[in-house]
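Work through the exercises below with the structure open beside you, and try each task before reading its solution.

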Amino acid sequence: MNESALVGERLTLSAFTQLSGTLGGYPFVKVVVDRETSLIHFMDSRENLFHVKYIAAEILHITPDELERTLDQFNYEVYHRPDRRFCLGILALHGGDRRFFSLETVEADTMTAEMLQYFYTFVREHVDPSLPILLKPANHLQETHVAGIPADELPRVLSHELFSSAPFVPLNPGTTEGRLRVFRTDDEYHAAQRPEWHDIIVMHRVPDDIPRLAGIVNSEHTTPLSHTNVLASGWGIPNAIQVGVLEEVVALDGEWVRYEVDANGTGIVLEPIERPASADAKPSWLATAITLDEPEAESGRILPLAELGWRDHVRYGTKAANLGELCEVAASGSNRWLGFYRIARPPRDNLLSYLARLLDTDEAGIDDAARALFAEHVRVPRGIALPFSLHQRFLQSSPRIQQTIGKLKFALEVDVPQVDAICVELQNLIRATRFPDDLLNLVDEAIIRHLSGVGTFVVRSSSNAEDLAGFSAAGIYESVNHVSDARGIFSSIKEVWASLVSTRSSKLRAQAGISLDDAFMGVVIQEQVRADFGGVLVTTNPMNRNDFRNVYLNVSPKVTDVVEGGDAPLQYLFNTVEGGGRTVSLGAAESDVDDKTKLRLQQLALAGRLLQSHFSPDYRFGQPVDIEWAADAEHFHLLQLRPYA
């Protein structure tokens, strides 16, 4: 064995251990098969050397400068050329009751069925025969290829099969110290003392109504895009799935522990510690208050969403303003939406040539092709936005509401136990207070003017204290679906207004340094589109933030299942540079979607990446966005867009 690889020899388990690094919790080695010399190279993966750099340095003996100058052509030669010389892959060892190796290529590889079979057979002949090897297709194209090959000729395991059985998924890496709280059921959690900021919760699936705390451990699989996991990401707290851990840590319930989630680890770390002195202090994040733009709550007309832009967030809330921006981009394009692809990714000056290939055009035609993508596939349901001023006029119409708001402000300032009861009292007052006739007429006239013909509505929150880069507030305000008449519209508006002063939203804002005086609520009344399926996408890989290529996408028959923790959705990664995708999890579904739907989801992922550039607050265009969507047979309907922490 030389210092960097095992070449031309059989890989024993002992040699595998010496060469292996860790990826996604599994030990692995990188593999290069040289078809010209019939030699196999097992690389020392602890050196984190890329396949192409190894080939250049150790096999072709070309300099780093030469590789950099010809990298795109080199990548074509090793990943896409039909008669390529090299086959590249990763060999990972999986444990549990049935130990086996999985062999996969990189996700952008376009190997044919014949080449996949050749690669598998060659590696099989050079690896310790005591353990089986299963080919793991790296993308949907490869899954289609292997589907036509008998399993006894080409044993395989699909990505979603490994994910669903993975004992450890690091959702948000990090380290913290806190008190461990273990709950076997939701009822046990709701009956117990409310978690404090220094608590670390262990449950089968942590519910969405958690307060801000120190860490999360799920004992069952969940989607990274649930409200709970989005909040954990925004808070920057350690968060992981560790299957079966709940019963293992019951003995530590109530103990102080050090909790670590390592993206390259094989499981979570929970170590008992002495109660730290910091437990008696205030949390450090209290010193990092969220700064809000000064709202304008004295004026503002009810407007259709298509007449709003991002600057209107000070009058209508972030959600309404973002929907207005979406309408503009979908209709007219954007001078910012190519920003992500214009940024240099050394040694590449930019990624525009990749975008051109994805849009099936040349670089000169990219902007027109992007406009055509949106015109053909993307819609924003029509709707109207109610300004903050309407909410303020409603609150001022009731002296009892004003008195109770004063009580709540005082209770929040001194953090007394009565906060919960006052919030409930105030919410009930808002629901019971009669809608003033002048406000009722304004809303009714706006619906008649702009939404005539709509049979079913969604009434959504649009606060100035949500959908912010430092405060997502995912799931803490109300939205009401399936509203079909005027009575339902007005009761739903009051339900949204009441959610601004719920116990949970009030306390989370207070923790973020947002006072009740500074929080305002607008309302979006929107056409509820009929959809065959829907979901959520984020323009990043939540399980690998260094992955700039992929978009993570959830699909469910109901959008609410994705964000509210109902039936587990199908989960996908789609590459927005080289193209292609892979199925991460089938969730509760019995089978994957068809190839046509996968192609449509690839288009949605690309549209999401372009929207990331438009909405990014900086000029690196790297701030991910979180998009809720629904789809019918022809279009994707974008329902909401917000920053993803």
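A nonpolar core is a set of buried Ala, Val, Leu, Ile, Met, Phe, Trp, Tyr and Cys residues joined through side-chain atoms within 4.5 Å. The model used here is a predicted one.

**Exercise 1.** Find which residues in the largest nonpolar core touch the most other members, and then list the contacts of isoleucine 489 beyond its neighbours within four places in sequence.

*Solution.* Begin with the largest nonpolar core, which has 78 residues, and in which Leu386, Ile430, Val443, Ile489, Ile493 and Ile525 touch the most other members. Next, take isoleucine 489 and set aside its neighbours within four places in sequence; the contacts that remain are Val443, Ile447, Phe457, Val459, Val483 and Ile525. Finally, notice that there is also a second, separate core of 57 residues, whose members include Leu373, Val380, Val524 and Ala607.

**Exercise 2.** Classify the aromatic pair of phenylalanine 394 and tryptophan 497, and explain which parts of the chain this pair ties together.

*Solution.* The ring centres are 4.9 Å apart and the planes are at 35°; since stacked needs under 30 degrees and edge-to-face over 60, the pair is tilted. Phenylalanine 394 belongs to helix H16 and tryptophan 497 to helix H20, so the pair ties together parts that are 103 residues apart in sequence. Phenylalanine 394 is buried, because its relative accessible area is 0%, and tryptophan 497 is likewise buried, with 1%.

**Exercise 3.** Classify the aromatic pair of phenylalanine 435 and phenylalanine 490.

*Solution.* With 5.0 Å centre to centre and 70° between the planes, this pair is edge-to-face. Ring pairs also link Phe394, Phe435, Phe490 and Trp497 into a cluster.

Methods:
Residues numbered from 1 in each chain as written. Predicted model: local features only at pLDDT ≥ 70, side-chain atom pairs only at ≥ 80, totals over all residues. Heavy atoms only, no water. Buried < 20%, exposed > 50% of the residue type's maximum accessible area, 1.4 Å probe, protein only. Contact = heavy atoms within 4.5 Å. Phe/Tyr/Trp six-rings, centres within 6.5 Å; stacked < 30°, edge-to-face > 60°. Helix = DSSP H or I, 4+ residues; strand = E, 2+ residues; numbered from the N terminus.
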